[in-house]
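Subject: Handover of a structure

Dear colleague,

Please find below the structure that I am passing on to you. My notes on what was found in it follow directly after.

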Amino acid sequence: MHSLRLAHRPPHNYRRLLCFQRFTSSGDKGERIVVLGTGWGGFNLAQNLPTNTNLSVISPSNHFVFTPLLPSTAVGTLEFRAIQECVRTLPSVSNFYQAKAISIDFEEKTILCRDIWDHTDAKPSTFTVPYDSLVLSMGVKTNTFSTPNVSSREGKEVFFLKHLHHARSIRNRTLEMFEIAALPSTSDREKRRLLSFIIVGGGPTSCEYASELHDFITRDLATLYPDLLPYVRVTLVEASNHLLGPFESSLRTYVLGLFKSRASKAVLSSGESLEFGTMVWSAGLSPVRLTSTLSIPKTPSGRILTDNNLVVKNLKDVYAIGDCAEIEGKPLPQLAQVAQQQGKYLAKSLAGRKMDEFKFFSLGSMASLGDSKGIYDGSNVGDPYGYSGMLPRIKGVLAWMAWRSAYWGKQVSLANKFLIPVYWFKSWVFGRDISKF
């Protein structure tokens, strides 16, 4: 008889090796750093901390989402997993808890957490996480401005666009509307309602989703549902008198003219009542529940106040970064590049490096507008409170290529740097996938 022996095989890639080393290491690794959130701020902080850090991350999401490409996943230009990064694979993360922080005791330095899982016969479990240094990077949620029925109908006819599950729901809803409209029993009036898409908000997310939806309809659905194209209407609703407010005026004019030349329609403040099958709401930002409940210094809009080194006012060893925070006297826009730079800055500070005060350096603004067009605004490059340079303002194909190149280059993993061009090529050559599952 021959005994079967299992030979040890080393991990076949570097990422698994790092995870193996992390979970087999023992002993106290020093100061306990806890990060709340896995968005642009929290993820970039964790990514740039040393591997020997005693770091715990708490978040309802176990992944980071590359949000500028989120509208592309809502129509199938990209697949969902190509724009996310798993937090557990970061070498610096000692512990990850997929849970919600529900309260913080700043005197005892503890965080009360609750799990997010669906318990049929039991209440959600709660647990406490201690910290020596705490980083608040919870982000924000979509602001409905108390508009009647928006929150109650969310996930049915109304959809937000901040997370991957939002994009998946929008994609399935779009395909569902076309399939129902294609049934012989569907009346013409009902077809017009089902195929009416309303997008609320005039910022980059709304405009980029409207552009992606335009490409999806004109390049893919028009071929597969040619009889339904006359019933399709895309309406962009914005409360102010212009789109893409942070961009330079000539670029805003270009975008408005581009949208007017398409099937889309801009409704500003006419008060018109519109029937619709799908509404995507991306009109504003507001604090999440935890931020609202914390008794700490905040701005009138609810953002956590910090000093120039990102330390929360009147607190010790507590920091705040990203959309949930604001530097006192130096408000910055709620942008991914602000949170990313703050995360990298704070990682160096927490690692023991002596740092000057945080200074944001704007890289400019860009947006994709569909039909292989885009805009880049370089007029605001630099420090908003110091040196400010000027780069060209670009529009058209060149700006669209710059948009794709820049966001491809910002991907963290080699896997996503490979997958994203593959999906772009697939959607260009073979079209977007319209399977609903």
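A residue is called buried here when its relative accessible area is under 20%, exposed when it is over 50%, and partly exposed in between. Please bear in mind throughout that this is a predicted model.

By that rule Ile 111 is buried, because its relative accessible area is 0%. Ile 111 lies in strand S6, which covers residues 110-115. Leaving out residues up to four places away in sequence, Ile 111 touches residues including Val 34, Leu 36 and Ile 58, as well as Phe 127, Val 129, Tyr 131 and Leu 134. Ala 101, Ser 103, Ile 104 and Thr 128 are also among the residues that Ile 111 contacts. Val 34 is 77 residues away from Ile 111 along the chain, yet their C-alpha atoms are separated by 9.2 Å.

Glu 326 also counts as buried, with a relative accessibility of 16%. Glu 326 belongs to strand S18, residues 325-327. When neighbours within four places in sequence are set aside, Glu 326 is in contact with Thr 299, Arg 303, Ile 304, Leu 305, Thr 306 and Pro 331.

I next turn to the cysteines. A disulfide is taken as a pair of cysteine sulfur atoms within 2.5 Å, and by this rule the count is zero. For Cys 324, the closest cysteine sulfur is that of Cys 113, and because the two sulfurs are 16 Å apart, they are too far from each other for a bond. Cys 324 is buried, at 3% relative accessibility, whereas Cys 86 is partly exposed, with a relative accessible area of 27%.

There is also a sheet to describe. Strands S19, S20 and S21 form an open sheet in that order, with antiparallel pairing. Strand S19 (365-370) and strand S21 (393-396) are at the edges with a single partner strand each, so one side of each has no neighbour in the sheet. From one strand to the next, the twist averages 10 degrees. S19 and strand S20 (residues 373-377) run antiparallel and are joined by five bridges. Within this pair, Ala 367 of the sheet stands opposite Ile 375 in S20. Helix H10, residues 397-409, packs on the sheet and touches S19, S20 and S21. The direction of H10 makes about 105 degrees with that of S21.

With kind regards

Terms used: Residues numbered from 1 in each chain as written. Predicted model: local features only at pLDDT ≥ 70, side-chain atom pairs only at ≥ 80, totals over all residues. Heavy atoms only, no water. Pairing = 2+ DSSP bridges. Helix = DSSP H or I, 4+ residues; strand = E, 2+ residues; numbered from the N terminus. Axes fitted to C-alpha atoms, helices over the stretch in contact; angles between N-to-C directions. Contact = heavy atoms within 4.5 Å. Buried < 20%, exposed > 50% of the residue type's maximum accessible area, 1.4 Å probe, protein only.
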